[in-house]
Amino acid sequence: MTEHVLLDNINHQDLKISPHFKAEFGDKVNTVATFITELTEMQSVYPLFFRKDNNTGEYQLVAMLGFEQDENLFLNETNHSWQADYIPAMVSKGPFLIGFQDQSQDGGNEQAPVVHVDMANKRIDNDNGQAVFLDHGGNSPYLNRINALLQKIYQGVETTKAMLSAFAELDLIETVNLEITLQNGNTHNLQGNYTISSEKLATLAGASLEKLNKAGYLKEAFAIMGSINNINKLILLKNRQALNHNNE
Amino acid sequence: MTLICKKTPVIDGADIYTIKATISNLTSPVIIKGLVKHWPLVQAGLQSDRTAIDYLTAHYNGKNAGVYFGAADINGRFGYNASATELNFSINKMPLDEMLEKIHSTSNIENAESLYIASNSIDHYFPSLRQDNDIAFADDAFSPLTPKEAGLLASIWIGNKTVVACHYDAQSNLACCIAGRRRFTLFPPDQIANLYPGPLAPTPGGQVISMVDFANPDFEKHPKFKLALESAQVAEMEPGDALLLPSMWWHQVEGLAPFNILINYWWNTTPSYLGQPADVLTHALLSIKNCPPEEKKAWKAIFDYYIFSEENEATTHLPKEAHGALAKIDPLMARRLRGKLLNKLNR
C-alpha cells in the first residue's frame, strides 16, 4: 500500500521522518538499486553488480548488501542503524520520491519533477522523527538533503541506463559466479550477478575504448569491476555476525 | 465601451526603425498601423479564416497545449464563479489543430461556448512559423539589454469571441492583431484602486484581474470605476496593426470577430539577475501588511527613501566605498542579496 502525495509545507507541516533503519521499514534486503551519480561514494563501500530485469531483459546497477534472502549485513537491528560510511540514496531518501507536475500553464515544464511523499510509508514518525519543515514553513536541512538525494536519483536513472546500454552494446557485460566460504565452513553460491569483463575491456579496440572514455564510462567500468573487492567486507561482517551468534 | 472617448494614438506606416525609437522611450501606448500586414499569416487571414488555419496547421508540431473552454453564459469573459474562489472556465490539454477546428466550427453559431488558445509560445508549438512571420528587432532595440537579456518571448493567442479581463503584466508588450479584430481597453498603472482587483489566487492567467465587468459595469458595487474610465483609452486593431504597450499598464483584451489571432512579443526592461517586483509584494504581505499602522507608515517612509526616491538620494552623502547594496546592483551584488534573503526566509 502506498499513498503518494505532493509534499507541501501546509499539509505536511508536522511531518517527521524516523532517522532509523529497520526490517519493518523494508531495510532488510540483500540488494538495493544504485546509480552512477552516487558511484564515487558507493564503490568504496559496497560490491556493485548488474542484475538483469526478468521482464525487460535490461540490466540494472545494484549494490549487494547480503548473501541470503532478506539479509542486510549493514543493518544493525539492535540500535536500528545502517553501519556504513555511505548509505545508498534509495534508502536514505526515506519515504520521499520524485513525482511529476504539469507546470506548463505557468510557463514551466510539462513534466516538472517535484517532491512527493508516501504517506503510507512506515518511516513516518511524527512523534520522534526528524522534522521535514522548519517551525515557520521553511525547508529543514534534512529536507534539503532529501532534495539533493532525489536529484541524484532523478539524474541517475537516465544516465545509468545510458551507461548500461553502452556496456551492453560493446559486449562488456559478463556473468560472475561467486563462491563464498565462511569461517564456520558455510558456503554461499551467488548467481545472477553480472559485471564488467576485464578481459573484454582489456582487448577493446581503440575506437570503442575512446568512445567509452569520452562518454566518461571507462572510469565507471573500472570502479564497478574494482568494487567486487568489497565482498570481503561483507564476508567479514557475516563472519562477525556468526561469531556473535555463537557467543550469545 | 461607449463611455471611453479617448483613442490610443496611431502612428502610420511605421517601420522597424521607428519602433526602436518608440520602444526606447515608451511611456504610453501607441498603435503602429499595418506594422505586420505583409506577414503571410496576416495575408492568409485576410483571404479567409480557413486559409489562416491551414497556414497555422502546416507549421504546428503536434504538441498538446492548455486551452480554455468557457460555457456560453460567461459571454467570453474568462473570470470567476460567484464567490470568486474558482475560475468560471476549464483548462484542458489537447492538440492545437483540433482546437483550431473547434474554434472555426463555432463561427456561425450565436452564443457559442468561449474557446481560447491563450498565450502559447510560438517556438514551442509552431517552430517554423516565425521564419516568415516575425519582427526583426534590432540588436539594440531593448538597449541597454540585448534581445536575449530582455528575454524576448513570442506568443500566439487564438480564439472566437473572448474577453481577457483587465490585468497588468510586468513585461513590455508588442501585440499584433493577425486575424479578426482586437480591442484593447487601457488604463495607466495608477488606476489600480479604481479597477477593483480580484483575488491574488487563483487567477485566470497568472495575473490578478479587475472584478469590474466592463461590458456591464455595476457602478453601485464599483463606483470608482467611473474615475478609471476618465483616464482610460481604447485601441481598436485590425489585421496587421500592432500595439506597443508599456509594462504595468492595465489592459482588457477582446477578440471581436468570430475568429481572432493575436501574436505578441514580451520583453523585460531589467536584467534577469535582478529579482521580481511581484515577489517583493508577496514578501511585503508576509512582513509589512500586518504591522501596526504607525510602523507601516514608518516603513513607507523608509521604502520611499531607499527604493522610490531619485536614483542617488540615499548615496550622495556617503563615500563611494560605503555604497554597498545602495549602489547600482550588479550580478555579484544580486547574488549576495539573494543568498542573504534565502537564508533569512528559510525558517
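Q: What makes a residue count as buried?
A: A residue is buried if 20 or more other C-beta atoms lie within 10 Å of its own, exposed if 12 or fewer, and partly exposed in between. By this rule, 32% of the 347 residues of chain B in this predicted model count as buried.

Q: Why is A:Asp171 called exposed?
A: Within 10 Å of A:Asp171 there are 11 other C-beta atoms. The limit for an exposed residue is 12 or fewer, so A:Asp171 is exposed. A:Asp171 belongs to the loop between α3 (141-169) and β11 (173-181) of chain A.

Q: What makes the phi of A:Asp171 worth noting?
A: Most residues other than glycine have a negative phi. A:Asp171 is not a glycine, yet its phi is positive, at about 60°.

Q: Why is B:Met248 called partly exposed?
A: B:Met248 has 16 other C-beta atoms within 10 Å. That count falls between the limits of 12 and 20, and therefore B:Met248 is partly exposed. B:Met248 sits in the loop between β12 (242-245) and β13 (250-255) of chain B, and its phi, near 75°, is positive although the residue is not glycine.

Q: How do you know that the buried residues of α4(B) line one face of the helix?
A: The residues in question are B:Leu96, B:Met99, B:Leu100 and B:Ile103, which are buried in helix α4 (residues 96-104) of chain B. Seen down the axis of α4(B), they fall within an arc of 105°, so they line one face. An α-helix has 3.6 residues a turn, so residues three or four places apart point the same way. On the other side of α4(B), B:Glu98 and B:Glu101 are exposed.

Q: What covers the buried residues of α4(B)?
A: The cover includes the helices α3 (49-59) and α5 (122-125) of chain B, together with the strands β3 (64-70), β5 (89-95), β6 (114-121) and β7 (153-159).

Q: How do you know that the radius of gyration of chain B agrees with that of a compact globule?
A: For 347 residues, a compact globule would have a radius of gyration near 20 Å; the value for chain B is 22 Å, which agrees. The C-alpha trace of chain B spans about 65 × 50 × 45 Å along its principal axes, and its secondary structure consists of nine helices and 14 strands.

Q: What makes up the contact between α2(B) and α3(B)?
A: The axes of helix α2 (residues 40-47) of chain B and α3(B) come within 5 Å and cross at roughly 145°. From α2(B), the contact uses B:Pro40, B:Leu41, B:Ala44, B:Gly45 and B:Gln47, and from α3(B) it uses B:Thr51, B:Ala52 and B:Tyr55. By class, these are five nonpolar, three polar and no charged residues.

Q: Where is the peptide bond from B:Ser143 to B:Pro144, and what is its omega?
A: Its omega is near 10°, and the bond is cis. B:Pro144 is part of the loop between α5 and β7 of chain B. Another cis peptide bond joins B:Ala201 and B:Pro202, with omega about -5°; B:Pro202 lies in the loop between β10 (182-187) and α6 (225-230) of chain B. Most peptide bonds are trans.

Q: How many residues does the contact take from chain A and from chain B?
A: It takes eight residues from chain A and six residues from chain B. The side of chain A that touches chain B has one nonpolar, five polar and two charged residues.

Key: Residues numbered from 1 in each chain as written. Chains lettered and ligands numbered in written order. Predicted model: local features only at pLDDT ≥ 70, side-chain atom pairs only at ≥ 80, totals over all residues. Helix = DSSP H or I, 4+ residues; strand = E, 2+ residues; numbered from the N terminus. Rg over C-alpha atoms; globule rule 2.2 N^0.38 Å. Contact = placed C-beta atoms within 7 Å. Nonpolar A, V, L, I, M, F, W, Y, C, P; charged D, E, K, R; others polar. Arc of directions from axis to C-beta. Axes fitted to C-alpha atoms, helices over the stretch in contact; angles between N-to-C directions.
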